[in-house]
Amino acid sequence: MALRIVFMGTPDFAVPTLRALCEAGHEIACVYTQPPRAAGRRGLSEVKSPVHQAAELLGLEVRTPFNFKQDEERAAFCALDADVAVVVAYGLILPEAVLSGTRLGAYNGHASLLPRWRGAAPIQRAIMAGDSETGMMVMRMDKGLDTGPVALTEKVAIGANMTAGDLHDQLMLKGAKLMAKAMAKLENDDLPLTPQAEDGVTYAKKIDKGETRIDFTQPAEAVHNHIRGLAPFPGAWSEMPTERRAERVKVHESRIGEGSGPAGTVVDTTPLTIACGTGAVCLTRLQKAGGKVLSAEDFLRGNPLAPGTVLS
């Protein structure tokens, strides 16, 4: 017998899980997602979330509350009479009334190996910290921040040059399969739950724009991890001189290079190599504001940088 599920998610990352649950034959009682956001230069149009758009294509009911502070909103959730809530990157804090508002509770698909990287940005933080491994976990939610017992885990290796975008896409698909497997086990009353370890807790705070600037005084490995951990969004950046002025340029890809010199100095252009506090990094894909993402070779054709140039 299929489960009656309330699905709660917002970005692209959550869409494959919603589809996987539908394909598995579960009944989706309702989809909760964040409200449409203002878009366009003047904010005159509104864009529905990726989950909202996917749910409409699947013919599912969609609700977009700003929060669950109102008694009416909590009561409406409980009135769905669902077996379970599945939560993937929803983006809103769920009160106890919602967490306990289904027969079997709420289960979250989280992109880390808990208790490491609890919180909002586990994919980016794992790469920025230089982790060699992460994964997806299905966790039974409680009132803490990603503190509930873990049901299922799938580990993923983080390659030396893997970006947050690369890792996002891998975990997104693995998470969908893992959640479908978890719900099948839950349906059969065969889903194990293991409390999280008390040691090794770290928090993946939301990425702040103030930390996106590249600091070339750091060791090359730290600079490389910073760049790939923020690619493609929001993007690590540096100011580079152009014909008219210094411009902010995003770096989408890098790798560890060879060379040395004062931090931030261009030491070679074939490939584009920048000295760091120790060692050097090669910048391989770059983007000026409003421009296309270019290979370093193509970028330098229109924006030549001579050895000795200092980036800031």
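1. Let's start with charge: the chain carries 34 positive and 36 negative side chains, and the centres of these two sets lie 5 Å apart. Here Lys and Arg count as positive and Asp and Glu as negative, while His and the chain ends are not counted. Each charge is placed at NZ of Lys, CZ of Arg, CG of Asp or CD of Glu.

2. A word on the source: this is a predicted model, in which local features need pLDDT of at least 70 and side-chain atom pairs count only at pLDDT 80 or more, while totals for chains, interfaces and linings use all residues. Residues are numbered from 1 along each chain as its sequence is written, and side-chain values use heavy atoms, leaving out hydrogens and water.

3. Overall, you will find eight helices and 17 strands (DSSP runs numbered from the N terminus: H or I of at least four residues for helices, E of at least two for strands). Of the 312 residues, 49% count as buried, meaning under 20% relative accessible area with a 1.4 Å probe, protein chains only.

4. Now look at helix 1, residues 15-23, where Val15, Pro16, Thr17, Leu18, Ala20 and Leu21 are buried. These residues pack against strand 1 (4-9), strand 2 (27-32), helix 2 (50-57), strand 6 (84-88) and helix 6 (164-187). Glycine 25, with a positive phi near 95°, follows helix 1.

5. Finally, threonine 309 sits in the segment after helix 8 (296-302). Threonine 309 is buried, with a relative accessible area of 17%. Its side chain reaches the backbone oxygen of alanine 306 at 2.7 Å.

Note on methods. Buried means under 20% relative accessible area, exposed over 50%, partly exposed in between (1.4 Å probe, protein chains only). Contact means heavy atoms within 4.5 Å. A polar contact is a pair of N or O atoms within 3.5 Å; within protein, one must be able to donate a hydrogen and the other to accept it, and residues adjacent in sequence count only if both atoms are side-chain atoms.
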